[in-house]
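Here is a short briefing to read alongside the structure. Have the sequence and the 3D view open, and let's walk through two topics together.

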Amino acid sequence: MAIQIQEADRKDLEKLVTWRMEVLHEVFPASEYSFPEDLEAENRAYYKEALPAGRHIACFADIDGETVGCGGLCLHQEMPSPDNPTGQCAYLMNIYCRSAYRNQGVGKAIVQWLIDQAKERQITKIYLETSEDGRKLYKKLGFSDMKDMMIL
């Protein structure tokens with residue numbers, strides 16, 4: 001089983017939106033969350049603007065010509081600091097693999113490809129949120145827990 005990672009671009013807009021909505025329904029079950037009517041349109045607008053501007057990198061994982069997973073990096077600038085002198089950052093997100101293909105290296109291939117994309121851009125600070133299921137994979141790839149973080 002060969003996993004192929006393909007970068008997504010503007011021509012993949014509808015496929016990106018379809019996969020994004022699949023991811024959101026997996027992460028935010030409809031039984032617990034309401035989905036605004038315009039959520040799909042907002043995601044479409046995001047991709048339309050962020051991809052050509054170079055602020056988002058997205059990819060698909062294919063096996064035997066079938067797309068089985070996806071992932072993305074939101075690129076942004078923060079104030080430079082001793083631990084990140086350039087201030088360039090990436091937020092790893094939307095890492096997803098359909099259940100029939102989990103635990104077969106697809107997620108790892110997606111994440112490693114995205115890490116490589118960040119490194120090519122001299123981005124060394126990559127953040128993410130994870131489920132308990134994903135934590136083991138991210139630790140294997142070198143991610144560590146952040147202390148002193150909060151969210152509002």
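Strand β2 supplies three residues to the lining of the largest cavity, the largest share from any element. Please keep in mind that this is a predicted model.

**The cavity**

- The structure has one cavity of 30 Å³ or more, and the space in the largest cavity comes to about 30 Å³.
- To find the largest cavity in your viewer, select its lining: Leu-16, Trp-19, Tyr-47, Ala-58, Cys-59, Phe-60, Cys-70, Gly-71 and Asn-94.
- Three elements each give at least two residues to this lining, namely α1 (13–27), β2 (56–63) and β3 (66–77).

- Lys-125 belongs to strand β5, which covers residues 125–128.
- Is Lys-125 buried or exposed? Its relative accessible area is 18%, and because buried means under 20%, Lys-125 counts as buried.
- Within the protein, the Lys-125 side chain makes a polar contact with the side chain of Tyr-127, at 3.2 Å.
- Which residues does Lys-125 touch when its neighbours within four places in sequence are left aside? Lys-125 is then in contact with Glu-78, Asp-83, Asn-84, Gln-88, Cys-89 and Ala-90.

Key. Residues numbered from 1 in each chain as written. Predicted model: local features only at pLDDT ≥ 70, side-chain atom pairs only at ≥ 80, totals over all residues. Heavy atoms only, no water. Helix = DSSP H or I, 4+ residues; strand = E, 2+ residues; numbered from the N terminus. Buried < 20%, exposed > 50% of the residue type's maximum accessible area, 1.4 Å probe, protein only. Polar contact = N/O pair within 3.5 Å; in protein donor to acceptor, adjacent residues only side chain to side chain. Contact = heavy atoms within 4.5 Å. 1 Å grid on protein atoms, 1.4 Å probe; cavity = no way out; pocket = protein on both sides within 12 Å on 5 of 7 lines; lining within 4 Å. Points joined across faces, edges and corners; volume = space filled by probe spheres on them.
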